Amino acid sequence: RGLTDLREMPVEELCSGLEQKAPPDLQNVRNLQVLLSGHLASRVSQSSLASRARSAFLSSLKAYRSFPRELRSCFPFQQLHLGHLATSFGLREAPREVVKKERHERT
């Protein structure tokens with residue numbers, strides 16, 4: 001099983017016993033988070049998912065920014081790391097580049 005089969009592995013199996021149950025080529029991986037986010041980003045950038053990921057990222061920013069006033073102290077927008085948020089959507093571009101590309105696609 002290679003990286004392409006990783007999505008077929010149940011999450012519980014991946015989290016609970018990665019060292020024992022992982023395919024041999026993944027047993028020596030030190031930072032699984034970096035490996036998975038890189039794999040996700042390469043899949044997103046090589047497909048039609050890139051524009052959808054950009055749109056979803058921007059929509060999540062708008063939603064986060066529009067929390068009710070009472071909740072803003074719990075979810076301070078200024079402390080949100082936009083680069084990390086973009087990475088969670090499989091985007092490799094900086095957040096400013098995401099905005100530029102989204103505007104360009106709309107025109």
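This is a predicted model: local features need pLDDT of at least 70, side-chain atom pairs count only at pLDDT 80 or more; totals for chains, interfaces and linings use all residues.
Five aromatic pairs are present in the structure. A pair of aromatic rings is described by the distance of the centres and the angle of the planes. For Tyr64 and Phe67, the ring centres lie 5.4 Å apart and the planes meet at 70 degrees, so this pair is classed as edge-to-face; the cut-off for that class is an angle over 60 degrees. Phe67 also pairs with Phe75, with 4.7 Å between the ring centres and 25 degrees between the planes. This second arrangement is stacked, because planes under 30 degrees apart are assigned to that class. Ring pairs join Tyr64, Phe67, Phe75 and Phe77 into a cluster.

Phe67, the residue paired with both Tyr64 and Phe75, is partly exposed at 24%. For Phe75, the relative accessible area is 35%, and this residue is likewise partly exposed.

Glu102 is located in helix α6, which spans residues 95–106. The relative accessible area of Glu102 is 9%, so the residue counts as buried, the limit for this class being under 20%. When residues up to four places away in sequence are not counted, the contacts of Glu102 are Ser51, Arg54, Ser55 and Leu58.

Conventions
Residues are numbered from 1 along each chain as its sequence is written. Side-chain values use heavy atoms; hydrogens and water are left out. Helices (H or I, at least four residues) and strands (E, at least two) are DSSP runs, numbered from the N terminus. Buried means under 20% relative accessible area, exposed over 50%, partly exposed in between (1.4 Å probe, protein chains only). Contact means heavy atoms within 4.5 Å. Rings of Phe, Tyr and Trp (its six-membered ring) pair if their centres lie within 6.5 Å; planes under 30 degrees apart count as stacked, over 60 as edge-to-face and the rest as tilted.
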